[in-house]
Each structure stands twice: as structure tokens, then as C-alpha cells.
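Good morning, and thank you for joining. I shall present one structure, with attention to its aromatic contacts, its strands and one surface patch.

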Amino acid sequence: MSEFILELKKVSRYFGSVIALKDIDMQVKMGEVHCLLGDNGAGKSTLIKTLAGVHVPSEGEFLLDGQPTCFNSPRSALDAGIATVYQDLALVPLMSVTRNFFMGRELTKKWGPFKVFDTKEANKIACAGLAEMGIDVRDPEHAIGTMSGGEKQCLAIARAIHFGAKVLILDEPTAALGVKQSANVLKVVAKAKAKGLAVILITHNVHHAYPVGDRFTLLNRGHSLGTFLKSDVSREEILEMMAGGQELEALESELEEFARLDSVKNSVTQEPEAAAIA
Ligand SMILES: Nc1ncnc2c1ncn2[C@@H]1O[C@H](COP(=O)(O)OP(=O)(O)O)[C@@H](O)[C@H]1O
Ligand SMILES: [Mg+2]
């Protein structure tokens, strides 16, 4: 067994003339939360789609447990234990919590000559799977559309874990959530780690990544800025690297310039009034 469950070596991905990823090195260990951070357009989604079997790398090597691998479909990545939870979650709002939990992998029982969905057993399993992740389901037969955004994220994660994921990839799971719901999702991430899974958490929010992350890989315009252990890098340093320190400095001086122009304008417009009063 390799030290790393997933490893990318100098992986590049091009879309025509667009360089979405260039020479990315990344290693993921079991039992860690590996955060993938970067601004919009940095290449985060392209990178995880490469891990999840949606894209084939244009160049470079992809190793699964030390073996060179090439997934030709998301299904083959899933069969190898790599489960991805995308932002749209692939849930059906009008179907029940349990039905969504088992979607595509229905639990059946025999009923005379037929096979039917085993609702009672499925309800029990779905509730237990969710309870283990700290989610209390009022009624597993309620439509999933009645759950909050955070609960739906947690359900999608619990489902992946229940069906045997070894590596869990989460694409911006907290992007559309408020503070409390984000905290709930991050708790579920910590629980998945405690169960020994590898979690790859994609986000552009350092404040969400830092409390749960063990290591951080930073992407900037398709290039990796490196992978950092939490003990080696502070939240502020990550923010600085992500935003590009110079860009923030440029913004600050631009804002100062605006403020200066504003005060000049105000003093010009105030002068005639002052003269009139005199
Ligand atoms: N299917 C595609 N065809 C062409 N360009 C793409 C495609 N997917 C992504 N890109 C480009 O690759 C770059 C990285 O995109 P993406 O991986 O979605 O970034 P992120 O998820 O970090 O916001 C962007 O410039 C984007 O326009
Ligand atoms: Mg994206």
C-alpha cells in the first residue's frame, strides 16, 4: 500500500488553447482533510473533475494507491471508492429523504414474483446513516425539498460514506450556506475524517477551510502554489497567497486615491458656500 491514496504528478489539463491546469503535483493521504483553495477560475473544479473521472489529464500521471490509473468515467472513479459531491448535489426535491439516500442503488425485497423497494428497511438504514453524521431526521419519508441546504449537503455526504467511499471530494459545500449551516457541514467533514476517509474539501473560503483542514493546496490561475501543513502556515498567510498580496495592496492604494480625490472635491464644492456665508 502506498502512503498516498491519490497522487497527481505534473498533471496538466487544456481546453483548446485554455490552460486550466499546469503541472499540478498533489498527494492525498487517508484520514486527512486536504483543502483545495483558490479564487474563481483557479482550476479547482477542473482538478477535482480530473480526480473524479470526468476529465482525463492532458499530461501527467495519476496514481491511485500507488498504481497508475486512468478513469474513463465518473462511474469507474466511484467504483474505486472516490465519491464526489457537487454543488448541485444531484438530489430529487420531490422524492423522499430515503429515496434520495438510495437513489441508483435501491434496496429491494421480494414481493411474490416481484422485486419492490424495501421502504421500511431503507428508512431504517437512511436514518441510521444520517444519525451517525449527527443529523436528526424527523421523517425519512418527507420530501427532501423540505430539508435545509446544509442538511441536503450532509445527506449527500452521509450517502457517499454509507456506500463505501474511501475518498470524499466536496466541491464548495458551504458556498451557498449561512454560518450555522456551514458549521454543520464542516462538522460532518470532521466526522468523515474521524472514520478514516480522505476528504478533499474545495473552497474559496479560508475561514471554512482552516478549522477543519490538515493540509492546504493552493491554486492560482491553473498553477499550484504548493501544499502546506497547517502547522507551517497561518490563516493570514493563506489569505495573502490566495488573494495575491500585491493585488490587495494595489486595491488599498487605489481606495486611498479615491478618498483623496473625494476630499479635494468636497473642499472645492464647499468653498463657494463658505464664501456666500461670509
Ligand atoms: N469545459 C471547459 N471548456 C473550456 N474551458 C474550461 C472548461 N472548464 C473549465 N474551463 C476553464 O478553465 C479555467 C478553470 O476553471 P475552473 O476549474 O472551473 O475554476 P474554479 O473551479 O477554480 O473556479 C477557467 O478559465 C475556465 O474558463
Ligand atoms: Mg469551481
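I begin with arginine 99, whose charged end sits over the ring of phenylalanine 117, 3.8 Å from its centre. The criterion for such a contact is that NZ of Lys or CZ of Arg lies within 6 Å of the ring centre and within 35 degrees of the ring normal.

Some conventions apply throughout. This is a predicted model, in which local features need pLDDT of at least 70 and side-chain atom pairs count only at pLDDT 80 or more, while totals for chains, interfaces and linings use all residues. Residues are numbered from 1 along each chain as its sequence is written, chains are lettered from A and ligands numbered from 1 in the order in which they are written, and side-chain values use heavy atoms, with hydrogens and water left out.

Phe117 also belongs to a cluster that ring pairs form with Phe101, Phe102 and Phe163. In total, the structure holds seven aromatic pairs. The rings of tyrosine 210 and phenylalanine 216 count as stacked, because their centres are 5.4 Å apart and their planes are at 10°. Here, rings of Phe, Tyr and Trp (its six-membered ring) pair if their centres lie within 6.5 Å; planes under 30 degrees apart are stacked, over 60 edge-to-face, and the rest tilted.

Are these two residues buried or exposed? Tyrosine 210 is buried at 13% relative accessibility, and phenylalanine 216 is buried at 0%. Buried means under 20% relative accessible area, exposed over 50%, and partly exposed in between (1.4 Å probe, protein chains only). Tyrosine 210 has a charge over its face as well: lysine 230 lies at 5.2 Å from the ring centre.

I turn to the strands. Four of them form an open sheet in the order β2-β1-β4-β5, with antiparallel pairing. β2 (18-28) and β5 (67-68) each have a single partner strand, so one side of each is left without a neighbour in the sheet. Strand β1 (residues 6-15) is joined to β2 by seven bridges, and leucine 8 has methionine 26 as its bridge partner in β2. Two strands pair if DSSP finds at least two bridges between them; strands (E, at least two residues) and helices (H or I, at least four) are DSSP runs, numbered from the N terminus.

Finally, phenylalanine 258 is in helix α9 (residues 245-277). Phenylalanine 258 is exposed, with a relative accessible area of 52%.
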